[in-house]
Amino acid sequence: FGAAVVQIEHRFYGPYQPIVGREATVDELLELLTPHQAMADMVRLTKHFKEELNCAQYNRSSKNYCPVITVGGSYPGFLSAM
């Protein structure tokens with residue numbers, strides 16, 4: 001089908017942490033781990049991949065139009081439901 005499959009993971013998983021040079025406090029992390037921020041991450045990731053794939057922005061009749069379908073279980077399912 002010529003599709004790309006991308007699965008987003010939790011923010012700050014493993015070595016990827018929001019504060020560099022010191023251990024983040026729980027309060028600092030909780031400010032960044034909100035549903036609003038999770039959706040913003042998904043939007044940013046989607047826009048990035050659409051730019052990388054040279055997708056047409058809003059022209060559905062273009063051969064470069066790239067619709068986005070979200071599915072998943074667990075965290076990706078949560079984002080799909082939003």
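## Briefing: pairings, core and surface

E28 has a relative accessible area of 23% and is therefore partly exposed (the term covers values between buried, under 20%, and exposed, over 50%, with a 1.4 Å probe and protein chains only). This is a predicted model, in which local features need pLDDT of at least 70 and side-chain atom pairs count only at pLDDT 80 or more, while totals for chains, interfaces and linings use all residues. Residues are numbered from 1 along each chain as its sequence is written, and side-chain values use heavy atoms, with hydrogens and water left out.

**Salt bridge**

- The side chain of E28 meets that of R22 in a salt bridge, with 2.7 Å from N to O (a side-chain nitrogen of Lys or Arg within 4 Å of a carboxyl oxygen of Asp or Glu).
- The partner R22 is also partly exposed, at a relative accessible area of 45%, and a search of the whole structure finds 1 salt bridge.
- As a general point, side chains of opposite charge can pair when their charged atoms come close.

- With a relative accessibility of 56%, N54 counts as exposed.

**Nonpolar core and its contacts**

- I8, A38, M42, Y75 and L79 make up the largest nonpolar core, which has 5 residues (buried Ala, Val, Leu, Ile, Met, Phe, Trp, Tyr and Cys residues joined through side-chain atoms within 4.5 Å).
- At least two residues of this core come from α2, and at least two come from α3.
- In general terms, nonpolar side chains tend to be buried together in soluble globular proteins.
- If residues up to four places away in sequence are not counted, I8 touches D41, M42, L45, Y75, P76 and L79, where contact means heavy atoms within 4.5 Å.
- D41, which lies in helix α2, counts as buried at 17% relative accessibility, and under the exclusion of residues up to four places away in sequence it touches I8 and R11.

**Surface and the segment before α1**

- V6, F49 and L53 make a nonpolar surface patch of about 260 Å².
- Of these residues, V6 lies in the segment before α1 (26-32) and counts as partly exposed at 43% relative accessibility.
- T25 also lies in the segment before α1, and at 39% relative accessibility T25 counts as partly exposed.
- The C-alpha atoms of T25 and G77 are separated by 28 Å, and these residues are 52 residues apart along the chain.

Methods:
Helix = DSSP H or I, 4+ residues; strand = E, 2+ residues; numbered from the N terminus. Patch = residues over 30% accessible without salt bridge, like charges linked within 9 Å, V, L, I, M, F, W, Y side chains within 5 Å. Areas by Shrake-Rupley, 256 points an atom, 1.4 Å probe, with all protein chains shown as cover.
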